[in-house]
Amino acid sequence: MNEWKPICRVDDIPVLGARRVARSAGVDVAVFRNAENQVFALLDRCPHKGGPLSQGIVFGTSVACPLHNWAIGLDDGCAKSPDEGCTPRFAVKVTDGVVHLDGEELATHATDLERPVAGPKRPVAA
């Protein structure tokens, strides 16, 4: 049984845009809204090189990665051909204009992935 966590109102997500949901572990989640007011949620990380999908351009049921222009399907998280790879998808429910995400997925889904960090890589301390 899903434990749905309220995230925001649909109107809080820009049309053809996204809102980022911070998590305590792993990469944040991007919640998208398309022109038809459909709401989707993906890990905020392109499967190619980890670009922030929440900063991408939404068109139809896809989002273009802002770094590499890959088109990622909002409904399945998979890159459109000829590109390949997928990013994790999160279950979404909208009730009375409020967006909910599955609480268990938020706590466990893809939490082993590191958050992308801008700038040069830091050496690991011995």
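A search of the whole structure, which is a predicted model, finds three salt bridges.

| Arginine | Aspartate | N to O distance |
|---|---|---|
| Arg-33 | Asp-11 | 3.8 Å |
| Arg-19 | Asp-12 | 3.8 Å |
| Arg-20 | Asp-28 | 2.3 Å |

Take Arg-33 and Asp-11. Buried or exposed? Arg-33 is buried, at 9% relative accessible area. Asp-11 is exposed, at 62%.

The salt bridge between Arg-19 and Asp-12 has another setting. Arg-19 is partly exposed, with a relative accessible area of 33%. Asp-12 is partly exposed too, at 42%.

Now Arg-20 and Asp-28, whose side chains also meet in a salt bridge. Arg-20 counts as partly exposed, at 49% relative accessibility. Asp-28 is buried because its relative accessible area is 12%, and buried means under 20%.

Next comes a sheet. Three strands make up this open sheet, and their order is β5-β6-β7. The pairing is antiparallel. Which strands stand at the edges? They are β5 (57-59) and β7 (71-73). Each has a single partner strand, so one side of each lacks a neighbour in the sheet. On average, neighbouring strands here are turned by 30 degrees against each other, direction ignored.

Strands of a sheet pair through backbone hydrogen bonds. Strand β6 covers residues 62-64, and three bridges join β6 to β7. Within this pairing, Ser-62 has Gly-73 of β7 as its bridge partner.

His-48 lies in the loop between β4 (39-43) and β5. It is partly exposed, with 34% relative accessibility. Which residues does His-48 contact, leaving aside neighbours within four places in sequence? They are His-68 and Trp-70. His-48 and Cys-86 are 38 residues apart along the chain, and their C-alpha atoms are separated by 8.6 Å.

How confident is the prediction? The mean pLDDT of the protein is 88. A pLDDT of 70 or more is reached by 89% of the residues. Over residues 118-122, pLDDT stays under 50. That stretch has zero contacts beyond four places in sequence. Where pLDDT is low, the predicted coordinates should not be read in detail.

Notes
Residues numbered from 1 in each chain as written. Predicted model: local features only at pLDDT ≥ 70, side-chain atom pairs only at ≥ 80, totals over all residues. Heavy atoms only, no water. Pairing = 2+ DSSP bridges. Helix = DSSP H or I, 4+ residues; strand = E, 2+ residues; numbered from the N terminus. Axes fitted to C-alpha atoms, helices over the stretch in contact; angles between N-to-C directions. Buried < 20%, exposed > 50% of the residue type's maximum accessible area, 1.4 Å probe, protein only. Contact = heavy atoms within 4.5 Å. pLDDT = per-residue confidence, 0-100. Salt bridge = Lys/Arg side-chain N within 4 Å of Asp/Glu carboxyl O.
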